[in-house]
Amino acid sequence: LWVEAAAATAGTIDLVATEVGGDHRDALRLAVNANKYWTSVRNTQMVRLAIEVLGGNGAIEDFSPLPRLYRDAMVTESWEGTHNVLAAQTLRDMQKLRLHEAWLDWLAPRVHALGDARLLKRWADVQTDAAAVCSDTGELAPLRARVWLENAMVLHQAVCLRELQVDAEADRKSTRL
């Protein structure tokens, strides 16, 4: 649960820290919708897991605030647009405006700078899958877009967490000297 919270926080702060009016405007348009989708989905799943940790007591409102948080998480999932709406918007942005290309271009130097083989592989897969999403005009295209969104957000969050790890290691080394 802690890693999920750290990943969601790191990814969201990364988007907030990116200059909106700069060169990354198109990348952010796609990333913000994708982040809303992914963090709301994972929020509900994480609260549900937290309830499971407490067993039967987790579902009792007198024992835990988790049942209320679970209901609130469900509202959050629909507040900015349902998953299907966000996925459909992302699909349109990918197919008509090619915004995924801006997002991939924004993330690519960071992935390559980290030099992590797993991240490089995931980045290549997300790039390949984006091309498949863009060329899909069938009725399953929105589903394919949802899968792409999830994989893209896992990649983004992994990059953010790995960058934090690299920074922390550099800080530890500099304080030892």
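**View 1. Arg110, a buried arginine.** At 15% relative accessibility, Arg110 counts as buried; buried means under 20% relative accessible area, exposed over 50%, and partly exposed in between, using a 1.4 Å probe and protein chains only. The model is predicted, so local features need pLDDT of at least 70 and side-chain atom pairs count only at pLDDT 80 or more, while totals for chains, interfaces and linings use all residues. Numbering starts from 1 along each chain as its sequence is written, and side-chain values use heavy atoms, with hydrogens and water left out. You'll find Arg110 in helix α5; helices (H or I, at least four residues) and strands (E, at least two) are DSSP runs, numbered from the N terminus. Who touches Arg110, leaving aside its neighbours within four places in sequence? Asp14, Val159, Cys160 and Glu163 do, with contact meaning heavy atoms within 4.5 Å.

**View 2. The whole chain, zoomed out for a moment.** Seven helices and zero strands make up the list of elements here. Its C-alpha trace spans about 60 × 50 × 30 Å along the principal axes. Of the 177 residues, 38% count as buried. Take the contacts between residues at least 6 apart in sequence: 69% of them join residues at least 24 apart. The accessible surface comes to about 10400 Å², and 57% of that belongs to carbon and sulfur atoms; areas come from the Shrake-Rupley method with a 1.4 Å probe, and for residues only the protein chains shown count as cover.

**View 3. Helix α7 and what covers it.** This helix has 36 residues and reaches 52 Å from its first C-alpha to its last, close to the 52 Å expected at 1.5 Å a residue. That expected span is 1.5 Å times one less than the number of residues. Buried residues of α7 include Ala141, Trp148, Leu155, Val159 and Cys160. Their cover includes α1 (2-17), α2, α4, α5 and α6.

**View 4. The largest nonpolar core.** This core has 35 residues; a nonpolar core is a set of buried Ala, Val, Leu, Ile, Met, Phe, Trp, Tyr and Cys residues joined through side-chain atoms within 4.5 Å. Met94, Trp103, Leu107, Val126, Trp148, Leu155 and Val159 have the most contacts inside it. At least two core residues come from each of α2 (25-53), α4 (83-97), α5 (99-114), α6 (117-135) and α7 (141-176). Zoom in on Met94 and, leaving aside neighbours within four places in sequence, its contacts are Leu30, Leu99, His100, Ala130, Val133, Cys134 and Trp148.

**View 5. Charged pairs.** Side chains of opposite charge can pair when their charged atoms come close. The count here comes to 12 salt bridges, each a side-chain nitrogen of Lys or Arg within 4 Å of a carboxyl oxygen of Asp or Glu. One of them joins Glu61 and Arg71, with the closest N and O atoms 2.8 Å apart. This pair links distant parts of the chain, Glu61 sitting in the loop between α2 and α3 and Arg71 in helix α3, 10 residues apart. Glu61 is partly exposed at 48% relative accessibility, and Arg71 is also partly exposed, at 43%.

**View 6. Arg162 meets Asp116.** The side chains of these two form a salt bridge at 3.7 Å, N to O. Arg162 is in helix α7 and Asp116 in the loop between α5 and α6, 46 residues apart, so this pair too links distant parts of the chain.

View 7. Asp136 and Arg144 meet in a salt bridge of 3.5 Å, N to O. Asp136 counts as buried at 16% relative accessibility, but Arg144 is partly exposed at 41%. Elsewhere, salt bridges that share partners join Asp14, Arg110 and Glu163 into one network.

View 8. Leu1, Leu49, Val53, Leu54, Ile60 and Phe63 make a nonpolar surface patch of about 560 Å². Patches are made of residues with over 30% relative accessible area and no salt bridge, like charges being joined within 9 Å and nonpolar side chains (Val, Leu, Ile, Met, Phe, Trp, Tyr) within 5 Å. Ile60 is found in the loop between α2 and α3 (66-79) and is partly exposed, with a relative accessible area of 40%.

**View 9. Arg98 and its positive phi.** Phi of Arg98 is near 60°, a positive value in a residue other than glycine. Arg98 has its place in the loop between α4 and α5 and is partly exposed at 34% relative accessible area.
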